[in-house]
Amino acid sequence: MFPMHTGLSGVLVYVSLAERRRVGMGGKKSKSVADEGRRSVCPDESLPTAERIRKLMTTHFGYSVLSLARRGLRDPPEELWELRELQKLNLSLNALRAVPSALGLLQNLVVLNLWGNQLSSLPPEIGRLTNLKVLFAYRNRLSEVPEELGSCSKLEVLSLANNQLTGLPASLSALDGLKKLNLSHNRITHIPGCVYAMKSLVFLQLACNRLENIADQIQALADLKILIVEGNCIHALPKMLCCLTKLELLNVDFNDIQNVPAEMHRLQRLEKLACHPLDKGLHILHNPLLKPIKEVLDGGLQALYTYLKAT
């Protein structure tokens, strides 16, 4: 599974592996995007540079917003860091290889959008953005994230999908207000320990990594409603997973699961066996399930629950 992000709702929207195989996804930029990238960031040459950039700012729902997306930028304009009043900044779909330490000057930022660049790292100064609530850094080249990100204690939405991450720093345990976390399409072999401390999570996306198991600590995420671990190498589901009684969508498709824990009947908010990638319910059919589980599932999810209660 891989995310198809659009604005702030991007963390929640995804397409399954099956969908990807059917429709394919091209990696080439369209001509219109390339043309747009050649446009000048600051068309009014008569003004000082900082003021030219400020003219591009808008006010949206009471927030000061600046979008420099799809501008072909290799570096952010230096004058950008003078806009201390800025609350939402969009630098997505450029060619940025780095974000300077001056980012830490924009301490009023609430939303920072960096997706679709060539970033190999984030500056430690990102920890100074203590008002930040949303960070999109997906589809970059990140192999790690700075420990200082844990200082962004107001973060609610964090997407680091489609990078080269193998884990997260322990300092991110401090993000106890985080509600949505997307780590799909990375190189993670086990769920980072800090994730189990993010007690406010309602959405956790770990599809297409290298997970082989889910630790019993998963029970700590009692508010979780959506858990996606599709496309990994998970061999078994822990019975502690069945403590997550608020789950409405559990996607474990395309793993190596042969059986299910008897306690799974507790997950009553999983109302059906789901096939379409956006459907709520239990996604499990694309696994090497053994008898009798495979046959019982032919009767639907309630048939499985009835069987598990009787065992």
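**View 1. Strand S7 (residues 134–136) and strand S8 (residues 157–159) run parallel and are joined by 3 bridges.** Valine 134 faces valine 157 in S8. Strands are DSSP runs of E with at least two residues, helices are runs of H or I with at least four, and both are numbered from the N terminus. The model is predicted, local features need pLDDT of at least 70, side-chain atom pairs count only at pLDDT 80 or more, and totals for chains, interfaces and linings use all residues. Residues are numbered from 1 along each chain as its sequence is written, and side-chain values use heavy atoms, with hydrogens and water left out.

**View 2. An open sheet of 11 strands has mixed pairing.** The strand order is S3-S4-S5-S6-S7-S8-S9-S10-S11-S12-S13, where pairing requires at least two DSSP bridges between two strands. Strand S3 (58–60) and strand S13 (281–283) are the edge strands, each pairing on one side only.

**View 3. Leucine 93 sits in the loop between strand S5 (88–90) and strand S6 (111–113).** Leucine 93 counts as partly exposed because its relative accessibility is 22% (buried is under 20%, exposed over 50%, partly exposed in between; 1.4 Å probe, protein chains only). Beyond its neighbours within four places in sequence, leucine 93 is in contact (heavy atoms within 4.5 Å) with Arg70, Arg71, Trp115, Gly116 and Asn117. Its C-alpha atom is separated by 7.8 Å from that of glycine 72, 21 residues apart along the chain.

**View 4. Methionine 264 contacts Leu237, Cys242, Leu250, Leu282, Tyr305 and Leu308, leaving aside its neighbours within four places in sequence.**
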